[in-house]
Amino acid sequence: MRALVLSDIHGNLEALNAALAAAGEVDAVWNLGDVVGYGASPNEVIEIVRAKAQYNVRGNHDRVCCGLASAAGFNPVARAAAEWTRKELTEANREWLAAVPKGPLMPEGLPQVALAHGSPLNEDQYIITMRDAWAPLQQSGIVVTFIGHTHLQGGFMQKNEEWRELKPQYSKKNEAESWTLEAQDGMRFLINPGSIGQPRDNDWRAGFAVYDTDAKTIVFHRVPYDLTAAQGRILMAGLPEKLAARLFEGR
Ligand code: ZN
């Protein structure tokens with residue numbers, strides 16, 4: 001089966017639509033959280049995800065935007081966006097968001113896979129370095145754990161004594177591109193599909209991954225989207241201008 005893995009959509013409808021179109025036919029959609037917050041289309045994005053995703057894991061912005069957690073730990077821009085989102089959400093979407101479970105989740109029939117927002121050991125922990133990856137890889141028997149939260153596409157691989165950081169290699173800036181990772185027996189992974197709606201790895205294109213359980217490949221993708229439209233919605237909504245500017249910078 002082929003599963004489309006999405007994370008950190010952050011209310012960016014244009015980026016989500018571009019990713020779904022580029023991914024084409026898939027057998028499953030897995031959402032790793034932070035569907036909303038920052039972007040100006042929270043209801044539209046939730047409605048698409050509700051219709052398409054078989055598994056959803058909650059993110060830290062999801063918790064704040066639906067009222068489960070306070071925005072006290074957020075910086076002023078994130079807090080302003082979360083407060084705007086909270087008012088904007090329909091009651092049905094707010095309730096749906098509030099019921100999204102904490103990770104890690106194990107998709108049915110796939111004992112080798114887990115889905116989390118931050119670390120599988122702590123939903124709020126960022127996995128950025130090999131040091132962060134060590135404990136979750138060491139402490140779990142899962143072959144592929146998908147994680148989000150950092151908005152950095154790539155991940156970490158461990159096989160016996162070998163540890164490797166994985167970073168997709170791209171050469172273009174404004175076109176769609178993909179990078180394929182082939183899993184070999186004995187390898188275990190923490191894989192971040194990247195952020196759909198607010199990438200922070202200096203690449204503005206929406207990031208996602210497609211996991212093929214038969215071919216044992218993980219294909220990372222970057223796709224351009226209608227950036228001007230997404231930025232326009234942010235400005236028209238009265239959200240902080242910085243949120244529009246950073247989309248172009250990819251950080
Ligand atoms: Zn996020």
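**View 1. Helices α1 and α2 pack together in this predicted model.** Let's start with two helices: α1 covers residues 13-23 and α2 covers residues 42-52, and their axes come within 9 Å and cross at roughly 30 degrees. Why do we call α1 and α2 roughly parallel to each other? Angles under 35 degrees count as roughly parallel, and the crossing here is roughly 30 degrees, so α1 and α2 are roughly parallel. The crossing of α1 past α2 is left-handed. On the α1 side, the contact is made by Leu13, Leu16, Asn17 and Leu20; α2 brings Glu44, Val45, Ile48, Val49 and Lys52. Sorted by class, this contact has six nonpolar, one polar and two charged residues.

**View 2. Strand β2 points its side chains two ways.** In a regular strand, side chains alternate between the two faces of the sheet. You can follow this along β2 (residues 28-31): Ala28 and Trp30 point one way, while Val29 and Asn31 point the other way. Are these residues buried or exposed? All of them are buried. Strand β1 (residues 2-6) runs parallel to β2, and four bridges join the two. Look for valine 5, which stands opposite tryptophan 30 of β2.

**View 3. Six strands make an open sheet.** Reading across, the order is β3-β2-β1-β10-β11-β8, and the pairing is mixed. Which strands stand at the edges? They are β3 (55-56) and β8 (177-182); each has a single partner strand, so one side of each is left without a neighbour in the sheet. Within this sheet, β10 (residues 206-212) and β11 (residues 217-223) pair in the antiparallel sense over seven bridges. Here alanine 209 stands opposite phenylalanine 220 of β11.

View 4. Strands β6 (residues 154-159) and β9 (residues 188-192) are antiparallel partners, joined over five bridges.

Note on methods. Residues are numbered from 1 along each chain as its sequence is written. This is a predicted model: local features need pLDDT of at least 70, side-chain atom pairs count only at pLDDT 80 or more; totals for chains, interfaces and linings use all residues. Side-chain values use heavy atoms; hydrogens and water are left out. Axes are lines fitted to C-alpha atoms, for helices over the stretch in contact, and angles run from 0 to 180 degrees between N-to-C directions. Angles under 35 degrees count as roughly parallel, over 145 as roughly antiparallel, 65 to 115 as roughly perpendicular and the rest as oblique. A crossing is left-handed if the near helix is turned anticlockwise from the far one by less than a right angle, and right-handed if clockwise. Contact means heavy atoms within 4.5 Å. Ala, Val, Leu, Ile, Met, Phe, Trp, Tyr, Cys and Pro count as nonpolar, Asp, Glu, Lys and Arg as charged, and the others, Gly among them, as polar. Buried means under 20% relative accessible area, exposed over 50%, partly exposed in between (1.4 Å probe, protein chains only). Two strands pair if DSSP finds at least two bridges between them.
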